[in-house]
Amino acid sequence: AGHTVRPFFREQIPQDQTGPAQIELEAISQVVDQTAVTEDLYTAVGRGSSNNPGGVLSIDQNTGAGTLVGDPITPGGLTGLDFDSSGRLWGSSIDGPRGNRTSEIVEIDPDSGALLSSTPITVGGTSISIGDLAVQPGTDIIFGVHSNADATTIPGGLIYTINPTTGAATLVGNTFQGRNGG
């Protein structure tokens, strides 16, 4: 089962495939293979990064170097990334013009970085933006936190459950942060 580790700030790390470069990380997710000696660490690249926006990287935990696994979200970026208990990798994407960016719930192949599915995240049929997501261990319920990047009047910081099949978001709480999500 995997769990998400959230940095309090955006990290910048070098990438193996493109030489020394800096990227903006939006989320970090770790999957633990109970039969293996090592743990795999993945990260999502945000929309604002100049290198591989929307990409998924694996992170070498000894050196901190990132290796591009694939770029499932182009154009746009990924704002959240987490594994469910069966090893499925879920993410939240974001794209669109400034002031009207919306998100999709996406499933990504962790081996190739390929996009397996993509569904708009909506509240009452209206597309919204998600600033981060997490999968609850034990239940595999996907939670997302609303960001202020869309054109709705919905305040940032609201927490939703997200149906990965329909994209329907159901309000469950409020962080009372009122800004970009997490």
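Biologist: What makes β6 largely enclosed by the rest of the structure?
Modeller: In this predicted model, 7 of the 7 residues of β6 are buried, so the strand is largely enclosed by the rest of the structure. Buried here means under 20% relative accessible area.

Biologist: Why is β6 said to pair with β7?
Modeller: Pairing takes at least two bridges. β6 and β7 (residues 89-95) are joined by 6 bridges and run antiparallel.

Biologist: What makes β6 and β9 edge strands?
Modeller: The open sheet has 4 strands, in the order β6-β7-β8-β9, with antiparallel pairing. β6 (77-83) and β9 (115-120) each have a single partner strand, so one side of each is left without a neighbour in the sheet. From one strand to the next, the twist averages 25°.

Biologist: How do you know that β8 and β9 pair?
Modeller: The cut-off is at least two bridges. β8 (residues 102-108) and β9 have 5, in the antiparallel sense. Ile105 has Thr119 of β9 as its bridge partner.

Biologist: Which residues make up the largest nonpolar core?
Modeller: There are 12 residues in all, including Trp90, Ile105, Ile121, Leu133, Tyr160 and Ala169. To belong, residues must be buried and joined through side-chain atoms within 4.5 Å. β12 (130-135) and β14 (158-162) each supply at least two residues of this core. Another core, of 10 residues, lies apart from it, with Ala44, Ile73, Leu89 and Ile108 among them.

Biologist: What is Ile121 in contact with, leaving aside its neighbours within four places in sequence?
Modeller: Its contacts include Ile105, Ile128, Ile130, Ile162 and Ala169. Ser103, Glu104 and Gly167 are also among them.

Biologist: Why is Asp140 called partly exposed?
Modeller: Its relative accessibility is 28%. Asp140 is found in the loop between β12 and β13 (142-146). Its phi is near 60°, a positive value in a residue other than glycine.

Biologist: How do you know that the peptide bond from Thr74 to Pro75 is cis?
Modeller: Its omega is near 0°. Pro75 lies in the loop between β5 (66-70) and β6.

Key: Residues numbered from 1 in each chain as written. Predicted model: local features only at pLDDT ≥ 70, side-chain atom pairs only at ≥ 80, totals over all residues. Heavy atoms only, no water. Buried < 20%, exposed > 50% of the residue type's maximum accessible area, 1.4 Å probe, protein only. Contact = heavy atoms within 4.5 Å. Axes fitted to C-alpha atoms, helices over the stretch in contact; angles between N-to-C directions.
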